[in-house]
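Open the structure in your viewer and keep the selection panel handy. We will go stop by stop, and each stop tells you what to select and what you will find there.

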2 protein chains.
Amino acid sequence: MKDKFFNYIQELQNTITSKLEVIDGKAKFQEDLWKRPEGGGGRTRVIENGNVFEKGGVNISGVHGKLPNSMQQYFGVKDADFFACGLSLVLHPKNPMIPTVHANWRYFEMYDQNGTIVDQWFGGGQDLTPYYLFEEDAKHFHLTCKTACDKHNPEFYPKYKVRCDEYFYNSHRNESRGIGGLFFDYCKKSEDMSMQNWYDFVTEVGNSFLEAYVPIVEKRKNSNYTKTQRNWQEIRRGRYVEFNLVHDKGTLFGLKTNGRIESILMSLPPHVQWVYDHHPEPGSEEEKLIKVLQQPKNWV
Amino acid sequence: MKDKFFNYIQELQNTITSKLEVIDGKAKFQEDLWKRPEGGGGRTRVIENGNVFEKGGVNISGVHGKLPNSMQQYFGVKDADFFACGLSLVLHPKNPMIPTVHANWRYFEMYDQNGTIVDQWFGGGQDLTPYYLFEEDAKHFHLTCKTACDKHNPEFYPKYKVRCDEYFYNSHRNESRGIGGLFFDYCKKSEDMSMQNWYDFVTEVGNSFLEAYVPIVEKRKNSNYTKTQRNWQEIRRGRYVEFNLVHDKGTLFGLKTNGRIESILMSLPPHVQWVYDHHPEPGSEEEKLIKVLQQPKNWV
């Protein structure tokens, strides 16, 4: 399973970065291969200053070895070995009419002293962070997520949609980071789902990513925008930074366990603003977005 | 003591904001009074888009009531009442040749069920975050800190200088946030120091702030700078954000205990950049700064 999934994310990284380069038409992904001293490594691909993508990363990693102390505490185990691999992506488009998107698909195995698998699970999801809210875009993204989920279990979409809203929440601002999508974790073998079933589900979601996001990019990439709208995007990107640095378990985990900093923090937006006590005008498009972030909606 | 120190920081806020407005010559501090539902409140003063100061805040607060659960755990006590007051300031100048400065002076009291003081202490400090390193500025700032300390105890400056280097450290980057200054906490009654002695020391440091910082601002405020130098400043500001959101106990504490978000996050810089895997040119002024941040120096 680990080889199969690791191969899958390598191919998916190729598929996604090729497609994004075509869409961008100008910038190419810069690739960095890195090794983890304790075992494994990754292939980071970053795009910057494109026609469409101001900054983005589509990264894979596969790491293994002794479970670090901090992770032992987190999982409540001792002296285990582990393998973890995943693909993480964040795209920050230049045009404020195009949403930022984040996705992640990952697989984890833990072993006892004899090298026998004692636990294994999938996790991941994909979610959208618009600066201006186009309801048809939100519906398209969520419908694509739902269609992928429904092929496996009609309960998955409603369940993982709510988890996504709960997870990507800036509690200190009382608002969601974005308009959500899917978030799932600890997807383990059960009566209903074998690990192969979970593999089929997670790869279904992975395969749906371009279908969920690309039509939105194509529709909005030539939209006009003003300096004021661009400022609003940069202010909202500040909330993205706040979530990732204050609340996101994956980011904090990476920062505190000596992960490759540049690969972890590639998720941070290129240009960001913090304005004291900024509030959108009543009745404005900016306020309409905030209202939805304060009260997550059902899009399909 | 609490009334005396609260009066002191109110006057100090007036002194500092008046002086900074004169230096800026354009922008004025905008004042927001706020109340804490559980007791107390604050006076936030923010300056934005000035000639000299791109963004800054000089805030005081005095809060009291039941010690919140999170603080009970932190201090290892149960069901106590508390009073806390302090002045916090952060100034982000526009010109990258002027350093960002941060300072904080605070006083804390804890009470038993009869309202008797069971614990009380002072804390605080002031530290400098340059974008370009002028050794004479670093020396001036540290010498002013040392002079204030030495009037009270010759051991204070070396001790609190090292604590400052240790505290304002971005462990995930293996570098200091800036070139330090002073940091002290839990300054409690001892054989050598009464609370009045600590009051005298903390107010001495508070009174030294303008002397430590203003001459540097005056010397650098008309320096020319390039777009590249400005970009460097914005990239380094990203590290400032990383420290405040990932490591700073005060900020995280505020965010997780329902503090006034806009007063807490006024510390974040106005315009910030994150560039993937950015490294300064070998031998450049930018690299010279990084080397000092990786290996704190003695300035006096």
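Start by selecting strand S3 (residues 53–66) and strand S4 (residues 81–93) of chain A: the two run antiparallel and are joined by 13 bridges. Strands here are DSSP runs of E with at least two residues, helices are runs of H or I with at least four, and both are numbered from the N terminus. Two strands count as paired if DSSP finds at least two bridges between them. For one such bridge, pick Lys66(A), whose partner in S4(A) is Asp81(A).

A word on conventions: this is a predicted model, in which local features need pLDDT of at least 70 and side-chain atom pairs count only at pLDDT 80 or more, while totals for chains, interfaces and linings use all residues. Residues are numbered from 1 along each chain as its sequence is written, and chains are lettered from A and ligands numbered from 1 in the order in which they are written.

Now widen the selection to the whole sheet. In chain A it is open, with 7 antiparallel strands in the order S1-S2-S3-S4-S5-S6-S9. Strand S1 (30–35) and strand S9 (180–187) of chain A are at the edges with a single partner strand each, so one side of each has no neighbour in the sheet. From one strand to the next, the twist averages 5 degrees.

H1 lies across strand S2 (40–48), S3, S4 and strand S5 (100–111) of chain A, and runs at about 10 degrees to S4(A). Axes are lines fitted to C-alpha atoms, for helices over the stretch in contact, with angles from 0 to 180 degrees between N-to-C directions. Contact means C-beta atoms, placed from the backbone, within 7 Å.

Show both chains now. A rotation of 180 degrees with 0.0 Å of shift along its axis superposes chain B on chain A (RMSD 0.0 Å). The two copies are therefore related as by a two-fold rotation axis. Which C-alpha of chain B is nearest the axis? Select Val272(B): its C-alpha is 2.5 Å from the axis. The superposition is by least squares on C-alpha atoms of residues with pLDDT of at least 70 in both copies.

Stay with that residue for the last stop. Strand S10 (residues 271–273) of chain A pairs with S10(B) in the antiparallel sense over 3 bridges, and Val272(A) has Val272(B) as its bridge partner. Finally, select the contact itself, with 23 residues from chain B and 23 residues from chain A.

How values were computed. Contact = placed C-beta atoms within 7 Å.
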